[in-house]
Amino acid sequence: MARSVSDGASTVYVQDVLVHPDCQRHGVGRKLVTTLLDLYPGVRQRVLLIDAEPGQRVFYESLGFTEIHDLRTPLRSFVSFR
């Protein structure tokens, strides 16, 4: 079992989970994400920021993520690109 490192954290941010093409569809990405999130079991808010690549939506939804525009809660999302 992974050691919890949450120590008062309220939000976990994940960005750009990258897996080499030769290793995709072998469970590597799922293991990376679940291992990371298992370190923060008590954190209520998990934020994922990724590019809109084909196929990513199904993968991240299978891990329990929902695109923000699909939620029926009063959440806002802001970003600044330079």
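Me: How many helices and strands does the protein have?

Reply: In general, helices (H or I, at least four residues) and strands (E, at least two) are DSSP runs, numbered from the N terminus. In this predicted model, the protein has two helices and two strands. Their order along the sequence gives the pattern β-α-β-α.

Me: Which conventions apply to the numbering and to the values?

Reply: Residues are numbered from 1 along each chain as its sequence is written, and side-chain values use heavy atoms, with hydrogens and water left out. As the model is predicted, local features need pLDDT of at least 70 and side-chain atom pairs count only at pLDDT 80 or more, whereas totals for chains, interfaces and linings use all residues.

Me: What are the overall dimensions and the accessible surface of the protein?

Reply: Taken along the principal axes, the C-alpha atoms fill a box of roughly 40 × 35 × 30 Å. Accessible areas come from the Shrake-Rupley method with a 1.4 Å probe; for residues, only the protein chains shown count as cover. Here the accessible surface comes to about 7200 Å², and 53% of that surface belongs to carbon and sulfur atoms.

Me: What percentage of the residues is buried?

Reply: A residue is buried under 20% relative accessible area, exposed over 50%, and partly exposed in between (1.4 Å probe, protein chains only). Of the 82 residues in the protein, 13% are buried.

Me: Which residues of helix α1 are buried, and where do they lie on the helix?

Reply: Helix α1 spans residues 28–38, and its buried residues are Gly29, Val33 and Leu37. Their positions can be described by an arc, which is that of the directions from the helix axis to the C-beta atoms. Seen down the axis of α1, the buried residues fall within an arc of 55°, so they line one face of the helix.

Me: What covers the buried residues of α1?

Reply: Cover is read from contacts, where contact means heavy atoms within 4.5 Å. The elements that cover the buried residues of α1 include β1 (11–15), β2 (45–49) and α2 (56–62). For the protein, among contacts with a separation of 6 or more, 66% are between residues 24 or more positions apart.

Me: How many aromatic pairs does the structure hold?

Reply: Rings of Phe, Tyr and Trp (its six-membered ring) pair if their centres lie within 6.5 Å; planes under 30 degrees apart count as stacked, over 60 as edge-to-face and the rest as tilted. The structure holds two aromatic pairs. Phe59 and Tyr60 form an edge-to-face pair, at 4.8 Å centre to centre and with 70° between the planes. Tyr60 and Phe65 also form an edge-to-face pair, at 6.2 Å centre to centre and with 85° between the planes.

Me: Where does Asp16 lie, and what does Asp16 touch?

Reply: Asp16 is in the loop between β1 and α1. Asp16 has a positive phi of about 50° although it is not a glycine, and it is partly exposed at 34% relative accessibility. Not counting residues up to four places away in sequence, Asp16 touches Leu49, Ile50 and Asp51. Asp16 and Leu49 are 33 residues apart in sequence, yet their C-alpha atoms are 6.8 Å apart in space.

Me: Is Arg25 buried or exposed, and what is its phi?

Reply: Arg25 counts as exposed at 86% relative accessibility. Arg25 is in the loop between β1 and α1 and has a positive phi of about 70° although it is not a glycine.
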